[in-house]
Structure formats: structure tokens, C-alpha cells
Amino acid sequence: MIAPTPLCLGHFRLNSIRVALLVLVLIALGGHAAAQTWTLSWSDEFNGAANSAISSSNWTYDAGILNVNNEVEYYCVPGDSTNGCDPNNPNVYIDGSGHLVIQALRITTSGAPYSGSWTSARLKSQGLQSFQYGRIESSMSLPLGPGLWPAFWALGSNITSVGWPASGEVDYMENVPAASGLGPNAISSTLHGGNSSSSCYCGGNGLSKHYTFPSGDVTSFHTYGAIWSPNMVQFYVDDPANIFFVRTASDLPSGFTWDFNHPFFQLLNLAVGGSGSWPGPPDNTTPSPAVMVVDYVRLYTPSQVTAPSMTAPSVTVKAGYPGTTTVTLTSTSGSGRAYLSCSSNAPKTTCAVNSSEALNQYTVDFSGATTAMAGVSLTTTANTAAAASLLPGGMGTIVGVLLAGFVILPLARLRPRPALAVASLLLVSALLVSCGGSGYGGGGGGGGSNGTPPGNYTISVNAYTISNTTGNPDAVLSVPLTVN
């Protein structure tokens with residue numbers, strides 16, 4: 001045996017190193033593609049010096065009396081000195097300690113809507129920064145008192161063309177006094193959308209849920225945010241793992257569309273309600289200034305996660321009867337929640353997903369699991385044509401003649417008048433049967449055109465992950481469907 005030369009030995013070592021590095025890269029890539037991680041892609045940390053200018057690249061302002069929601073405040077812009085605005089005591093400023101401060105100040109004691117009896121501020125990123133999908137959050141402390149209404153929220157960037165609520169509105173956090181349903185220990189998160197203010201899932205009909213703090217209250221700093229992906233919004237408090245409210249496109253009332261698959265801009269404001277508003281009017285116990293302190297606003301984008309794999313047994317069903325199947329999904333633990341929807345190409349057939357997941361039946365959660373189950377229920381439509389229409393075309397007439405020969409004539413010899421009545425009914429039946437058309441009941445694959453025709457079809461089950469940005473399903477399962 002010839003001993004390896006130093007050159008050959010070095011070549012061997014180099015190849016070993018290359019193989020090891022390749023294995024490490026493949027492992028890293030596999031983990032990156034499978035599990036959910038977040039990358040900070042935009043933020044405002046409000047780290048300027050005290051009273052320094054707020055970023056004009058991130059924020060602009062609504063100004064004046066907006067004539068909405070029976071509010072009383074006049075919104076001031078930095079430097080404004082009209083209608084009670086004081087440039088020496090601005091309603092919004094950087095405090096020099098890494099915070100944005102929004103303060104509401106009493107001007108008069110009026111509680112009349114649109115009276116301008118308080119001044120405050122409303123910031124928005126409209127026209128400057130728009131966002132579509134990701135994890136959006138803000139850390140803040142809130143004031144308490146009658147009439148006070150702090151909010152962190154978003155509006156569709158298309159609001160100038162389609163109006164509200166068709167633009168969509170996402171309320172990450174709103175707080176109002178206890179007399180109006182929340183108080184110091186609770187906040188509300190809501191989705192608003194719809195065709196018009198009178199035809200919508202908006203206002204009191206919004207898709208909403210309250211969150212109650214297990215300890216502490218809104219005067220302490222808390223983080224409010226949402227994980228936003230196509231057809232799904234997941235709201236959380238303090239930790240993105242602490243999701244308390246999930247809504248999807250499948251949760252909408254009939255006749256409405258999901259108004260959240262387009263760019264949005266962000267808003268921060270401290271409103272003051274008037275008579276007839278949600279928070280009610282302020283009174284002499286409402287603090288002035290009432291101070292809302294914002295630590296940051298951030299947007300994170302998710303890493304690409306692996307789409308779940310799906311399997312399900314085929315379905316055989318008789319038209320007019322329900323059918324079911326169970327989808328088994330497999331993914332990587334830590335890849336987050338996936339939204340499921342279904343459809344079928346069988347005519348006059350609907351389907352629905354039910355995962356029995358605690359927060360939303362149209363989702364499955366891989367945050368701490370590798371497998372999940374979801375039921376798919378199918379509803380077909382019965383063929384209600386006359387039973388004799390199952391006979392080939394023309395056979396109905398023959399049946400009618402035979403019935404007349406074997407039933408009517410003998411009856412006629414015995415009881416002419418009753419026989420005449422029976423004959424009339426049978427002849428009408430024969431005519432109805434013969435009018436069923438050619439084939440079996442007038443077409444539609446042999447099952448009647450008024451129901452789900454017999455045949456072979458598919459049920460499509462679609463899965464959307466939190467890293468989806470296209471709106472197209474990340475995975476599609478086609479389940480064979482036979483209708484008898």
C-alpha cells in the first residue's frame with residue numbers, strides 16, 4: 001500500500017470540509033424554509049431629542065374637526081396656533097426618552113359632538129408608508145378617563161377611491177371607559193369592511209373581540225399587534241404567541257367580500273368622545289392633559305414557511321345528501337397558523353371547513369405541533385323531478401296508457417264517475433312524465449337539471465400560510481368526489 005502524500009491528504013481534508021459545510025447549509029436552508037421567523041423591515045422608534053421633529057417620512061396628520069363618531073376634539077398639527085392649538089404646548093411631540101407623546105387638552109367643558117372642546121392629535125402614514133401583510137405592532141401606555149378613546153389602527157390605502165368601509169379598517173387596539181364596555185383592564189380589536197355604511201360588517205357589526213388582561217391595566221406599556229396574511233388576520237397582545245382573536249375570509253356574513261388583501265396605512269390617535277359616542281362625553285374627572293405614550297411602531301416580515309402536506313379519503317354521496325371527509329395536514333412545528341378553504345366543481349354543491357380549532361374553525365395551528373386535522377362537509381342538492389322521470393323519454397306515456405288499460409277500463413264498467421276522475425289523474429300524470437324530456441329526467445348527466453347531477457368531481461382544499469403574499473394557495477388538495 002502506498003502511503004498518501006501530503007497533497008492527497010490535504011485534498012481529502014478539503015473535500016471533507018466542503019461536505020460538512022454543504023450539510024450545514026442544507027440544514028440551515030431546511031430550517032429557514034420550514035419554521036416561522038420574523039425580520040424587522042420597518043419601524044419608528046421615536047428616538048429623537050426632546051421636542052425634535054417627528055419623522056416626516058413616516059407620519060403626516062389629520063387636522064381640524066373630522067365630524068365622525070360624535071367626537072368633540074379638534075386635531076392639531078405641530079406648530080398650529082388656531083382653534084385652541086398651542087405650539088408651545090403641542091398635542092404631539094417626541095419626549096427625548098424614546099417615546100412619542102399624544103396628549104388631549106381641555107379647551108371648554110362642552111360635551112356636544114364636533115364642538116372642538118378638546119384638542120388632540122391624529123397621526124397617519126397615508127401617502128408615506130403603506131404596508132401589505134406581515135406582523136405589525138406598537139408598544140404604548142394609555143390614559144384613562146370618561147370620554148377618552150385611544151386607538152392604534154389601519155385603513156386601506158384605497159380609501160380615497162372606494163371610500164369607507166369598502167377600504168377595510170383594522171383596529172389593533174381601542175380602549176374606552178368601563179361604562180362603555182372596556183375600562184382599564186380590557187381592549188378591543190376589530191375588522192370593519194363592507195359595501196357601504198348601511199351594508200357592512202362595520203361599526204357595531206364589525207368582526208370584534210375584547211381582550212382582558214390577566215393582571216395590570218392599559219396604563220402600563222403593552223404591545224398590541226396583528227399577524228396579517230392573505231385571507232386571515234390574527235390579533236395578539238404582548239407576545240405574538242399570545243393570539244386571542246382570529247378572523248378569516250370564511251367568517252364574513254353572506255354577501256360581503258374580504259376587504260384586507262391590499263395595502264393599508266397606519267394611524268395613531270387619541271380621540272375624545274361627545275354625547276352619543278362610544279366612549280361617551282368627558283366630565284370634570286377626565287384628566288387634562290390625557291396622555292398616550294407610544295414607544296414604537298414596527299413591521300416584521302415572516303420567513304418563507306413550508307406549505308402543509310394534505311391527504312384525505314375520497315367522498316361518495318347521493319345527490320341531496322351530505323358528505324364528509326377528514327383532511328390530515330402535516331407541517332413543521334413552529335410554522336404558524338394556516339387558513340383553509342374549500343370548493344367543489346360539482347354543480348349546486350357547497351362545502352365548509354371545520355377544524356375544531358379553538359380560535360377559528362377555518363384554521364389549523366402548527367405553532368407547536370406537526371400534525372392537524374380538519375373536517376370538510378359537503379352539501380349536495382337533491383334532484384326533485386317526478387319519480388317516473390327516471391324512465392327513458394317516452395316511457396311515461398306508455399306507462400300512462402298501460403295504467404288506463406289495466407285500471408281505468410275495469411273501473412269504468414263498475415263506477416263510471418269515479419273512474420272518470422281516476423282516469424283524469426292518471427292521464428295528467430302520464431303527460432307530466434312524458435314532458436320530462438329525453439334521456440333521464442331532462443339531462444344534467446342523468447340526474448335532473450334541478451339538482452347535483454350524478455358524476456365524478458373533485459373537492460379542492462386550499463391552504464394559505466402566514467408567509468403567503470400572492471393570495472394564491474400555498475398548497476391544494478384535490479379530493480375525488482362521486483355523486484350518485
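Predicted model: local features only at pLDDT ≥ 70, side-chain atom pairs only at ≥ 80, totals over all residues.
Let's start with the rings. A pair of aromatic rings is described by the distance of the centres and the angle of the planes. In this structure we've got 16 aromatic pairs. Take Trp42 and Trp59: their ring centres are 6.4 Å apart and the planes sit at 65°, so we call that one edge-to-face. For anyone checking the angle, the cut-off for edge-to-face is over 60 degrees. And where do Trp42 and Trp59 lie? Trp42 is in strand β1, residues 38-44, while Trp59 is in the loop between β1 and β2, so the pair ties together parts that are 17 residues apart in sequence. Buried or exposed, then, for Trp42? Buried, with 13% relative accessibility. Trp59 is buried as well, at a relative accessible area of 4%.

Next pair: Phe152 and Tyr172. Here the centres are 4.5 Å apart with 35° between the planes, and the pair is tilted. Phe152 belongs to strand β9 (residues 148-156) and Tyr172 to strand β10 (residues 169-174), so this pair ties together parts that are 20 residues apart in sequence. Phe152 counts as buried, with a relative accessibility of 0%, and Tyr172 counts as buried at 4%.

Now, charges over rings. I've got two arginines for you. Arg135 has its charged end over the ring of Tyr300, 4.1 Å from the ring centre. Then there's Arg298, which lies over the face of Tyr296, 3.6 Å from the centre of that ring.

In soluble globular proteins, nonpolar side chains tend to be buried together. The largest nonpolar core here has 52 residues, and Leu100 and Leu268 are the ones touching the most other members. Which strand gives the most to this core? That's β18, residues 290-302, with five residues.

Setting aside neighbours within four places in sequence, Leu100 is in contact with a list of residues including Phe46, Ile54, Tyr93, Leu123, Leu268 and Met292.

Methods: Residues numbered from 1 in each chain as written. Heavy atoms only, no water. Phe/Tyr/Trp six-rings, centres within 6.5 Å; stacked < 30°, edge-to-face > 60°. Helix = DSSP H or I, 4+ residues; strand = E, 2+ residues; numbered from the N terminus. Buried < 20%, exposed > 50% of the residue type's maximum accessible area, 1.4 Å probe, protein only. Lys NZ or Arg CZ within 6 Å of the ring centre and 35° of its normal. Core = buried A, V, L, I, M, F, W, Y, C linked by side-chain atoms within 4.5 Å. Contact = heavy atoms within 4.5 Å.
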